[in-house]
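Here are my notes for a first look at this entry. Please keep the structure open while reading.

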Amino acid sequence: MSTEPKRPVLEVRNLSVSLPKGADRVHAVEKVSFTVNPGEIVCLVGESGSGKSVIAFTVMGLLAKALKPTSGEILLEGENILTAGEERLRELRCTRMSMIFQEPMTALNPVMTCGDQIDEVLNTHTDLDPAARKAKIIAILARVKLPEPERIYASFPHQLSGGQRQRIMIAMALVLDPVLLIADEPTTALDVTTQAEILKLIAELQEGQGTGVLFITHDFGVVAEIAHRVAVLRWGELVEMGPTEQILSRPVQGYTKMLISSVPSITPVHRGVRRDGTTILRTEKLGKIYTGNAFFQKARVVKAAVDVDLDIRRGETLGIVGESGSGKSTVARCIARLIDPTEGKIFIGDTEIATMSARKLRPHRRRVQIVFQDPYRSMNPRITVGEFIIEGPMNFGLGRQEAMARARNLMETVRLDPNSLDRYPHQFSGGQRQRICIARALAMEPELLIADEAVSALDVSVQKQVLELLDEIRVRLNLAVLFITHDLRVAAQICDYVAVMSKGHVVEYGSAEQVFGSPKADYTKALFAAAPGRHWEFGKFAA
Amino acid sequence: MLDFIARRLIAIIPVLGVVAVFVFLMLRLTPGDPAAVIAGDNATSDQIADIRTKLGLDEPIWTQFAIWIGNVLQGNFGESFFFKKTVAELIAQRVEPTLALAICTLVFAVSISVPIGVMAAYRQGSLIDKAVMGFSVLGFSVPGFVIGYCLIYVFAIELGWLPVQGYVRIGVNFWQFAERMVLPSLTLSVGFVALISRITRASVLEVLNEDYIRTARAKGLSNRVVLMRHALRNAAVPILTVIGLGIAILIGGAVVTESVFGLPGLGRLTVEAVLSRDFPTIQTVILLFSVVYVVINLLIDISYTLFDPRIRY
């Protein structure tokens with residue numbers, strides 16, 4: 001860490017950004033001040049709506065038109081960006097300050113080759129001739145450790161993986177050696193092993209060049225991994241700022257304490273192995289193979305799930321952990337028969353449903369219910385929450401009055417106001433919507449509840465509440481729960497048993513304590529080694 | 001890719017089959033006797049019956065269909081009742097004005113509508129945007145012949161810049177050809193411009209919200225480069241689709257426009273053939289239009305791959 005008195009690359013002084021009229025508050029960002037020194041990584045941490053991304057976009061001059069900086073200064077090496085014209089801002093972008101974004105999948109233009117997209121930067125900002133530009137691009141592609149730079153140069157984004165695309169973004173951002181790099185949740189959309197590599201790459205590159213980095217994240221694991229200093233934001237205001245070690249282990253403000261306490265520990269809670277209830281779900285050599293059909297070419301075969309043997313007893317939570325493409329959601333969807341398995345058997349209680357016809361399956365549908373990842377998109381925006389909850393039970397013959405009474409009860413179970421049943425989804429926050437989705441699933445009185453990444457889209461404090469709620473419901477209703485997640489910390493906190501999946505196979509399966517405590521499979525070990533902030537035991541503070 | 005083209009070409013066959021049956025039945029089931037038309041006002045019923053036998057119109061309807069289809073498959077489209085020529089000859093004579101009109105219209109329409117659509121999207125909510133949207137509503141709702149006569153009145157009669165009507169073959173005198181194409185293609189463009197500018201606006205607006213547009217701006221590119229290089233190319237696929245579907249408007253519009261401007265093209269041939277119950281000509285022209293429509297849309301589907309490398313057939 002460089003703390004010698006050098007001029008900071010970025011100084012934000014007293015910055016306020018106003019929200020358009022009618023928003024839930026006046027300012028997106030209010031009187032925020034901080035600095036980023038050369039060679040330093042400063043993390044802006046906060047939950048959604050804290051204004052952390054707004055600050056990043058204000059620095060780049062890329063704010064949406066509706067948002068206006070109303071006071072303060074942003075000094076990039078002493079030059080005030082807020083008073084710079086559009087032309088000057090364009091000159092500064094990618095030469096002195098660069099930005100990388102959250103979604104590498106969508107941040108690159110899909111119809112241009114990666115080489116051309118980096119070439120645009122050089123063509124706009126330098127007088128280099130084509131040959132020199134190409135040489136420079138190949139060099140930076142090698143520096144961000146992309147294999148075969150020549151091939152990557154000519155590739156389109158869709159031909160690369162998410163991690164590779166983020167490397168392209170980093171190459172693009174750093175090709176002209178800017179003094180400031182703004183990274184807006186650059187690893188949030190990536191798998192944990194890829195995330196670890198990208199974090200390492202960013203740290204290496206910025207250290208080599210002495211670049212100042214403003215790193216935006218909601219993930220304290222990432223903070224522990226990469227930050228020199230941390231600034232905690234809430235509702236547009238700076239709550240607390242200091243060196244990483246101090247903020248993470250000796251936070252002063254109540255909000256910071258609450259946030260850090262909400263981070264799930266990677267050490268599993270001791271829940272004891274029960275193995276005495278009746279088996280609710282059992283799969284035998286469950287498999288799902290996708291075959292493309294082509295006229296002339298050889299058909300493409302994708303083995304999404306192979307020989308999956310799982311079982312869950314009443315009152316137990318089984319977690320399936322894995323990276324994207326590991327087949328964990330495929331298994332969940334097969335069990336709920338949202339897709340048809342191609343091989344193996346699924347027993348719900350004593351009923352084999354894997355090959356059951358749609359008509360025969362219908363009465364069994366009630367027994368398995370699922371809660372999806374994105375609470376914003378899994379509810380029909382045009383029907384009220386009440387209708388959303390009672391639709392299922394009424395479909396199975398319950399009268400409207402009884403169904404409504406059940407819905408009111410369930411709203412209480414998920415700690416929402418039963419009187420809000422006549423409201424529409426957009427009137428609820430993400431966490432509330434996820435509770436409603438849980439209530440909807442419970443309204444069917446299922447025997448097995450599947451939660452498919454059900455807390456992944458939620459802020460850490462909300463996530464904690466929903467996790468506690470799920471666990472409480474499991475105990476109270478003696479439910480079997482299948483919990484799909486990519487987040488090892490979450491899995492450690494909620495699962496009795498864990499199955500680790502990779503490339504369609506279950507590579508490790510056992511009690512949570514056993515899998516987390518002494519992983520056997522190489523893949524599991526690699527997965528744990530990549531978890532950000534794994535060496536950091538986030539303290540539980542009394543807020 | 002070849003796989004795709006082969007499958008699409010095979011799929012044309014049932015389409016044309018349905019068109020053929022439909023056209024044939026429509027014509028036979030509508031009232032009016034071509035034999036009577038050909039024979040003229042003073043003909044006796046014996047003469048009419050003679051003509052009917054000669055044309056095969058007294059055969060059962062399915063025999064007539066079988067004979068016709070058999071001939072069509074051999075490339076014989078029959079002889080026009082009315083023009084006393086083979087239909088093939090007739091169409092060959094009439095194809096040039098229509099082709100010229102269609103091409104000029106497409107060029108006009110695309111070169112006007114795409115830029116104004118992009119501008120409207122970029123300046124969403126501005127005066128330009130409102131003007132473009134207003135124009136497109138107008139363009140949709142005003143019939144082609146009204147636009148045609150208005151243009152003739154202003155540019156040909158009042159200002160005297162361009163001829164009122166008529167056609168000169170491109171090989172005979174290019175300038176006379178060109179000045180006679182201006183008003184018809186403008187007329188026919190209006191509806192097309194309305195359609196394409198709207199879809200361009202919508203498509204570009206959607207693309208402008210994409211993350212890679214933000215990336216492009218974060219690179220320090222100028223607005224023009226962001227719009228033309230990054231936004232428009234990504235917006236191209238829906239625009240192309242609508243241009244393809246719009247070919248139908250073009251064909252329908254050609255009938256009216258050619259009549260207004262006195263162009264001796266396929267559109268007017270269709271009108272004349274319908275009025276004189278000239279079955280072989282009508283059937284062939286409609287079949288031809290169907291083939292053109294299907295083939296153009298196939299070409300457009302293939303052209304997607306030029307704009308978007310992710311599309312593979």
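1. Helices (H or I, at least four residues) and strands (E, at least two) are DSSP runs, numbered from the N terminus. From the N terminus on, chain B reads α-α-α-α-α-α-α-α-α-α-α-α. That is twelve helices and zero strands.

2. This is a predicted model: local features need pLDDT of at least 70, side-chain atom pairs count only at pLDDT 80 or more, and totals for chains, interfaces and linings use all residues. Residues are numbered from 1 along each chain as its sequence is written, while chains are lettered from A and ligands numbered from 1 in the order in which they are written.

3. The C-alpha trace of chain B spans about 85 × 55 × 35 Å along its principal axes. Chain B has 313 residues, and 34% of them count as buried (20 or more other C-beta atoms within 10 Å of a residue's own, with C-beta atoms placed from the backbone).

4. Contacts need C-beta atoms, placed from the backbone, within 7 Å. Among contacts in chain B between residues at least 6 apart in sequence, 72% link residues at least 24 apart.

5. Now to chain A. Helix α15 (residues 400–413) of chain A and helix α16 (residues 430–443) of chain A have axes that come within 9 Å and cross at roughly 135 degrees. Axes are lines fitted to C-alpha atoms, for helices over the stretch in contact, and angles run from 0 to 180 degrees between N-to-C directions.

6. Which residues of α15(A) and α16(A) make the contact? R406(A), A407(A), L410(A), M411(A) and T413(A) come from α15(A), and A439(A), L442(A) and A443(A) from α16(A).

How values were computed
Contact = placed C-beta atoms within 7 Å. Buried ≥ 20, exposed ≤ 12 C-beta atoms within 10 Å, placed from the backbone.
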